Amino acid sequence: MFTLVRSRLRTAAFALSAVAALAFAGTAGTAASATTGAAAAPAPAKQGPTSVAYVEVNNNSMRNVGKYTLANGGGNVFDVAVIFAANINYDTGTKAAYLHFNENVQRVLDNAATEIRPLQQKGIKVVLSVLGNHQGAGFANFPSQQAASAFAKTLSDTVAKYGLDGIDFDDEYAEYGNNGTGQPNDSSFVHLVTALRANMPNKIISLYNIGPAASRLSYGGVDISSKFDYAWNPYYGTWQVPRVALPKSKLSPAAVEIGRTSQSTAAGLARRTVSEGYGVYLTYNLDGANRSADVSAFTRELYGSDAVYTP
């Protein structure tokens, strides 16, 4: 029985009382680049797909992503770590969307020296996921190109401020229409992603392939598919090729929830990833337990090696 994405324990989406760290209209002065510490050491060579780990930071540490290496060669198991999740919220006074961090996401960002830099120094990219929050604001209903571009600047300012490697879009739980907000329109996400890519041409932009935004990738002769670095299947324990015009090397049809998707299913999805020539393998909910058996189930198929857990 596969696990649908909507069963994810997204308590970040309910932390409405946390103070917003970056308001939609008040981020111009916060874009100073963060000090990222020592340059990332090259990871030992690893042949095979890019492996992605979402971490629910309400419950778990980002540091867990760096605790898994391959028995053969010592390379990192995971190449991309996703902070799950910031929120797109709605200010009913200004009638504008803004970027919100609950206390746990804010803690990770404020403690980048211990939560983020150690991963980057291993060669692991760290990306911030942004998720709807039941308030009517989403990526697909900005009322104008100007509003979409302003939110894109908030996102790129955040990446610069905290020394992150990119942004992940997850268009769930927006509840379009709440608080008098508009329904999804065709231009909003195109304007948002176009502006964000212009702001950060060398950073990661990834798409969790779900929601109204994911089906609105083209407007006015502009198709934003190529502006994404990755797109992935949002349904854990299943195989579903994202309908995004990217090469196979940038797509993850496989998606697993570590500890809930069976090891045999995870292995089968990894085997299919390799045999069909796809370049990404998505995992969700890496926690602080020793998950080397679950992780090895897919690393043996992806990389020909067991995974080693180092506390």
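Visitor: Does Thr50 count as buried or exposed, and at what relative accessibility?

Guide: This is a predicted model, and every value here is computed from it. Buried means under 20% relative accessible area. Thr50 has 18% relative accessibility, so Thr50 counts as buried. Thr50 lies in strand β1, residues 50–56.

Visitor: Which residues does Thr50 touch, leaving out those up to four places away in sequence?

Guide: Asp79, Val80, Tyr230, Gly279, Val280, Tyr281 and Tyr303. Take Val80 from that list and look at it next.

Visitor: Where does Val80 lie, and what is its relative accessible area?

Guide: Val80 lies in strand β3, residues 80–91. Its relative accessible area is 3%, so Val80 is buried. Beyond four places in sequence, Val80 touches Thr50, Ser51, Val52, Ala53, Ile124, Lys125, Val127 and Tyr230. For a distance along the fold, take Val80 and Val65. They are 15 residues apart along the chain, and their C-alpha atoms are separated by 8.7 Å.

Visitor: Now strands. Which way do the residues of β6 point?

Guide: In a regular strand the side chains alternate between the two faces of the sheet. In β6, Gly166, Asp168 and Asp170 point one way. Ile167 and Phe169 point the other way. All of these are buried. Five of the five residues of β6 are buried, so the strand is largely enclosed by the rest of the structure.

Visitor: In what sense do β5 and β6 pair, and over how many bridges?

Guide: Strand β5, residues 125–132, pairs with β6 in the parallel sense over four bridges. Val130 has Phe169 of β6 as its bridge partner. From β5 the chain crosses through α4 to β6, a β-α-β crossover that is right-handed.

Visitor: How many bridges join β6 to β7?

Guide: Five bridges join them, and the two strands run parallel. Asp170 has Tyr208 of β7 as its bridge partner. With α5, the strands β6 and β7 make a right-handed β-α-β unit.

Visitor: What span should helix α5 have, and how far apart are its end C-alpha atoms?

Guide: Helix α5 has twelve residues, 188–199. At 1.5 Å a residue, they should span 16 Å. The end C-alpha atoms are 17 Å apart, which agrees.

Visitor: How many residues of α5 are buried?

Guide: Nine of the twelve, so α5 is largely enclosed by the rest of the structure. They are Ser188, Phe189, Val190, His191, Leu192, Val193, Ala195, Leu196 and Arg197.

Visitor: Which elements do the buried residues of α5 pack against?

Guide: The helix among them is α4 (145–162), along with α6 (211–214). The strands are β6 (166–170), β7 (204–208), β8 (218–219) and β9 (222–223).

Visitor: Which residues line the largest cavity?

Guide: Val256, Glu257, Ile258, Gly259, Thr261, Ser262, Gln263, Ala266, Asp294, Val295 and Phe298. The elements giving two or more residues to this lining are β13 (254–257), α7 (263–275) and α8 (292–303).

Visitor: Which element gives the most to that lining?

Guide: That is α8, with three residues.

How values were computed: Residues numbered from 1 in each chain as written. Predicted model: local features only at pLDDT ≥ 70, side-chain atom pairs only at ≥ 80, totals over all residues. Heavy atoms only, no water. Buried < 20%, exposed > 50% of the residue type's maximum accessible area, 1.4 Å probe, protein only. Contact = heavy atoms within 4.5 Å. Expected span 1.5 Å × (residues − 1). Pairing = 2+ DSSP bridges. Right-handed = clockwise from strand over helix to strand, strands pointing away. 1 Å grid on protein atoms, 1.4 Å probe; cavity = no way out; pocket = protein on both sides within 12 Å on 5 of 7 lines; lining within 4 Å.
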